[in-house]
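Hello,

Here is the structure I promised to pass on to you. Please open it first, and then read my notes alongside.

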Amino acid sequence: MIRFKLLGYPISISYYFSAMLAFLLLIDESGAAFAGLMAAGCHELGHILMMWCLRCPKCSIRFTAYGIKIIQRNFGGYGYWRDFFIAVAGAAVNFLFFGLLTMLDICFPCWTLKNMAMSQLAIGAFNILPIYPLDGGQAVYSLLCSRCSLKTAGICSNICSFFFLTPLACYAFY
């Protein structure tokens with residue numbers, strides 16, 4: 001396990017994550033995997049920067065072969081509005097980098113810049129969908145929790161997720 005700190009937040013990276021990353025970059029000849037990984041890294045950095053800006057209590061961040069997890073030491077979150085801003089920060093950073101890379105691509109046309117810009121847009125757009133496990137769903141849940149009971153917020157969040165997932169699933173199987 002590789003361990004270090006970023007902005008005071010302990011980060012651990014499993015060897016399986018490193019091996020998976022190396023294998024993915026090794027077999028990808030197009031460079032799309034690198035662009036996607038950079039977009040995912042920017043996305044996670046957006047969450048970390050927002051937590052740092054909001055002076056959230058420290059948590060640990062784990063990179064495993066199954067995904068990236070932010071683990072809070074104190075159960076109960078950071079407060080609904082803080083949770084909302086932390087949830088949307090990742091996609092906001094992706095959209096910011098999409099705009100910057102698109103402007104760079106206009107000035108200096110290059111396939112690599114276009115590929116990186118589209119990866120930023122794809123990661124940001126996917127994560128902002130109001131489907132609960134994704135950042136957009138967590139943002140919707142946080143907003144609902146700030147206005148109504150936890151039970152009502154959970155039900156509304158699940159209904160919202162269902163109405164977004166159903167057409168996506170139908171389209172995927174079509």
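First, some background. This is a predicted model, in which local features need pLDDT of at least 70 and side-chain atom pairs count only at pLDDT 80 or more, while totals for chains, interfaces and linings use all residues. Residues are numbered from 1 along each chain as its sequence is written, and side-chain values use heavy atoms, with hydrogens and water left out.

Let's begin with the strands. Helices (H or I, at least four residues) and strands (E, at least two) are DSSP runs, numbered from the N terminus, and two strands pair if DSSP finds at least two bridges between them. Strand β2 (residues 9-13) pairs with strand β3 (residues 59-64) in the parallel sense, over three bridges. There, Ile13 stands opposite Phe63 of β3. On β3 you will also find six bridges to strand β4 (residues 67-72), and these two run antiparallel. Cys59 has Gln72 in β4 as its bridge partner. With two residues between them, β3 and β4 form a hairpin.

Next, helix α3. Spanning residues 80-107, α3 has 28 residues and reaches 41 Å from its first C-alpha to its last, close to the 40 Å expected at 1.5 Å a residue (the expected span is 1.5 Å times one less than the number of residues). α3 bends by about 35 degrees at Ala89, the bend being the angle between axes fitted to the seven residues ending there and the seven starting there. Its buried residues (under 20% relative accessible area; exposed is over 50%, partly exposed in between; 1.4 Å probe, protein chains only) include Phe84, Ala89, Leu101 and Asp105. Among the elements covering the buried residues of α3 are α2 (32-53), α4 (111-127) and α5 (135-147), where contact means heavy atoms within 4.5 Å.

A search of the whole structure finds one salt bridge, that is, a side-chain nitrogen of Lys or Arg within 4 Å of a carboxyl oxygen of Asp or Glu. It joins the side chains of Asp105 and Lys114 (2.9 Å, N to O). Asp105 is buried at 11% relative accessibility, whereas Lys114 is partly exposed at 44%.

Finally, how many disulfides does the structure hold? It holds zero, a disulfide being a pair of cysteine sulfur atoms within 2.5 Å. For Cys107, the nearest cysteine sulfur, that of Cys110, is 13 Å away. Cys107 is exposed, at 56% relative accessibility. The sulfur of Cys160 is 9.0 Å from its closest cysteine sulfur, in Cys156, so the two are too far apart for a bond.

Happy exploring!
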